[in-house]
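Work through the exercises below with the sequence and the model open. Each task is followed by a solution in steps.

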Amino acid sequence: MPEAADDKMLCYCRNVRYGVVRKVIAEGDLRSPEQVTAACSAGSGCRSCRPEIEELIAEHRRRHRGLLRWLRRLFPSAGARG
Ligand code: FES
C-alpha cells in the first residue's frame, strides 16, 4: 500500500496531518500512541485514528532498525567493547 502523503489529514478531531505525526515520532523516537498524543494531540478525540498512529510508529521502528543494520555493516567494530 502506498504511503500516505505528509499533507493528508490523519486526525480529523485535532486537525493533525500525517507529516506532523511522522515528524514528532521521528524527532522524539516515540514508541506509543500515548506519546504521540502528548506531543501533537493526534488521537485525543474519538480515537479512530489510533490504528494509523500505531502504523506510523511501526513504520518508524522498521526504518530505525534498517538504519541500525546499515550502520553496523558500515562500522562493524562500532559498539564493540574491549
Ligand atoms: S480522528 Fe483522531 S481522535 Fe478522532
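**Exercise 1.** State how many salt bridges a search of the whole structure finds, and examine three of them.

Solution. The search finds ten salt bridges, a salt bridge being a side-chain nitrogen of Lys or Arg within 4 Å of a carboxyl oxygen of Asp or Glu. The model is predicted: local features need pLDDT of at least 70 and side-chain atom pairs pLDDT 80 or more, while totals for chains, interfaces and linings use all residues. Residues are numbered from 1 along each chain as its sequence is written, and side-chain values use heavy atoms, with hydrogens and water left out.

Step 1. Glu27 pairs with Lys23, with the closest N and O atoms 3.8 Å apart. Both residues are in helix α1, four residues apart, about one turn of the helix. Helices here are DSSP runs of H or I with at least four residues, strands are runs of E with at least two, and both are numbered from the N terminus. An α-helix has 3.6 residues a turn, so residues three or four places apart point the same way.

Step 2. Glu34 pairs with Arg50, the closest N and O atoms being 2.9 Å apart. Glu34 belongs to helix α2 and Arg50 to helix α3, so this pair ties together parts that are 16 residues apart in sequence.

Step 3. Arg62 pairs with Glu55, again with a closest N and O separation of 2.9 Å.

**Exercise 2.** Classify Glu27, Glu34 and Arg50 as buried, partly exposed or exposed.

Solution. Buried means under 20% relative accessible area, exposed over 50%, and partly exposed in between (1.4 Å probe, protein chains only). Glu27, at 62%, is exposed. Glu34, at 48%, is partly exposed. Arg50, at 12%, is buried.

**Exercise 3.** Describe the surroundings of Arg22.

Solution. Step 1. Arg22 is in helix α1 and is buried, with a relative accessible area of 14%.

Step 2. Beyond its neighbours within four places in sequence, Arg22 is in contact (heavy atoms within 4.5 Å) with Glu3, Ala4, Ala5, Asp6, Leu56 and Glu59.

Step 3. A network of salt bridges links Arg22 with Glu3, Asp6, Glu59 and Arg63.

**Exercise 4.** Which residues have the most contacts inside the largest nonpolar core, and which elements supply it?

Solution. A nonpolar core is a set of buried Ala, Val, Leu, Ile, Met, Phe, Trp, Tyr and Cys residues joined through side-chain atoms within 4.5 Å. The largest one has 15 residues, and Leu10, Val21, Val36, Cys40, Ala42 and Ile53 have the most contacts inside it. At least two residues come from each of β1, α1, α2 and α3; α1 gives the largest share, four residues.
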